[in-house]
Amino acid sequence: MRPAHLALAVLVAAVWGVNFTVVEIGLGHFPPLLFSALRFLVAAVPAVFLVGRPKVAWKWIVAVGLVLGVAKFGLLFVGMDAGMPAGLSSLVLQIQSVFTAAVAFAVLGERPTRVRLLGMAVALAGIGVAAVDEGASGPLGAFALVVAAAACWGVSNVLTRGAAPPDALNFMVWVSTVPVLPLLALSLLTEGPERDLAALRALDWQGAGTVVYVAWITTVFGFGAWGWLLRHHPASTVAPFSLLVPVFGMTSAAVFLDEPVNGARWCAAALLVGGVALASLAPGRTAQAPAGTAPAPAVPVVHPVDVGASGRPGAGS
């Protein structure tokens with residue numbers, strides 16, 4: 001990998017890691033579901049008019065939009081708003097790789113190797129350490145919401161693999177159009193129109209900046225750059241850089257939000273990131289494709305807010 005490409009890969013990981021700190025700041029300006037809706041709205045418009053028509057069936061766009069956009073991000077933003085620290089959220093979401101493997105086994109018949117099973121066990125141990133630490137110092141319910149968000153991410157990864165989009169940026173932009181109205185409806189029902197209107201009326205440059213960052217920087221730039229890297233390099237070369245996301249997430253939260261990072265959290269980080277690396281990057285057995293079908297292309301399935309540890313289809317979104 002050329003130095004410029006190497007720098008771009010690190011930059012994308014930094015953008016996604018810092019994003020958790022930006023989300024935490026944005027939650028000080030907006031109710032969580034409204035913030036998530038605005039994020040997808042700004043990510044979709046005007047990009048949806050520039051990327052061309054969808055290149056996959058609408059059933060995949062709607063399914064991923066609901067599971068990833070509404071369920072996963074709704075749970076994540078609500079969990080962070082309920083007290084889940086930004087740095088810890090960036091770490092805990094990496095458990096999505098374990099959920100992805102479990103769903104792929106149940107739905108696609110993909111059998112993980114012993115090495116991958118070991119990696120998943122190590123990652124789950126890291127989640128256990130993080131849960132004990134958070135239960136002793138913070139709201140365990142908020143922690144559970146973020147774990148549930150990771151589970152939804154795992155389901156969306158398998159759906160994205162089924163979609164096999166030939167153009168990842170085009171796919172992500174169209175997916176971003178789906179959650180806007182459902183999230184706005186949920187916000188009106190649960191957060192109330194008065195709270196939503198008060199947040200919009202009080203909009204300032206900092207609040208607007210957080211929306212622009214999570215929509216354009218993490219989605220349009222981050223997703224586009226990651227896809228470009230995967231078109232020019234093997235997924236096995238690009239994927240390990242995503243393991244830097246929780247490093248940047250925890251570091252930025254410590255620097256800008258004064259979030260403490262104690263020994264237990266570093267232990268959880270080491271176990272979780274190490275386990276995810278082992279589970280995601282080790283060779284594995286997969287189910288055989290039906291006769292006469294082509295294998296899914298190696299598209300980048302990575303999320304503009306938080307990325308999984310693998311650059312293969314289903315690794316993130």
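User: Which helix gives the most to the nonpolar patch?
Analyst: Helix H11, residues 205–232, with five residues. Helices here are DSSP runs of H or I with at least four residues, strands are E runs of at least two, and both are numbered from the N terminus. Keep in mind that this is a predicted model, where local features need pLDDT of at least 70 and side-chain atom pairs count only at pLDDT 80 or more, while totals for chains, interfaces and linings use all residues. Residues are numbered from 1 along each chain as its sequence is written, and side-chain values use heavy atoms, with hydrogens and water left out.

User: Which residues make the patch?
Analyst: Leu 11, Val 212, Trp 216, Ile 217, Val 220 and Phe 221, covering about 450 Å². A patch takes residues with over 30% relative accessible area and no salt bridge, joining like charges within 9 Å and nonpolar side chains (Val, Leu, Ile, Met, Phe, Trp, Tyr) within 5 Å. Areas are Shrake-Rupley with a 1.4 Å probe, and for residues only the protein chains shown count as cover.

User: Is Val 212 buried, exposed or partly exposed?
Analyst: Partly exposed, because its relative accessibility is 32%. Buried means under 20% relative accessible area, exposed means over 50%, and partly exposed is in between (1.4 Å probe, protein chains only).

User: And what about Ala 215, where does that sit?
Analyst: Also in helix H11. Ala 215 is at 0% relative accessibility, so it counts as buried.

User: What does Ala 215 touch?
Analyst: Setting aside residues up to four places away in sequence, Ala 215 touches Arg 39, Val 42, Ala 43 and Val 220. Contact here means heavy atoms within 4.5 Å. Ser 36 is 179 residues from Ala 215 in sequence, yet their C-alpha atoms are 9.6 Å apart.

User: Switching topic: how many salt bridges are there in the whole structure?
Analyst: One. Glu 110 pairs with Arg 161, with 2.7 Å between the closest N and O atoms. Glu 110 is in the loop between H5 (96–108) and H6 (114–137) and Arg 161 is in H7 (residues 140–163), so the pair ties together parts 51 residues apart in sequence. The criterion is a side-chain nitrogen of Lys or Arg within 4 Å of a carboxyl oxygen of Asp or Glu.

User: Are those two buried or exposed?
Analyst: Glu 110 counts as buried, at 13% relative accessibility. Arg 161 is partly exposed, at 31%.

User: OK, H9 next. Which of its residues are buried?
Analyst: In H9 (residues 180–190), Val 180, Leu 183 and Ser 187 are buried. Down the helix axis they fall within an arc of 75 degrees, so they line one face; that arc is taken from the directions from the axis to the C-beta atoms.

User: What covers them, and what's on the face turned away?
Analyst: The cover includes H2 (32–44), H3 (58–81), H8 (168–177) and H10 (193–201). The face turned away carries exposed Leu 181 and Leu 189.

User: Last one: which residues touch the most other members of the largest nonpolar core?
Analyst: Out of its 80 residues, Phe 35, Leu 76, Leu 91, Val 92, Leu 93 and Phe 143 do. Helix H1 (residues 3–26) brings the largest share, nine residues. A core is a set of buried Ala, Val, Leu, Ile, Met, Phe, Trp, Tyr and Cys residues joined through side-chain atoms within 4.5 Å.
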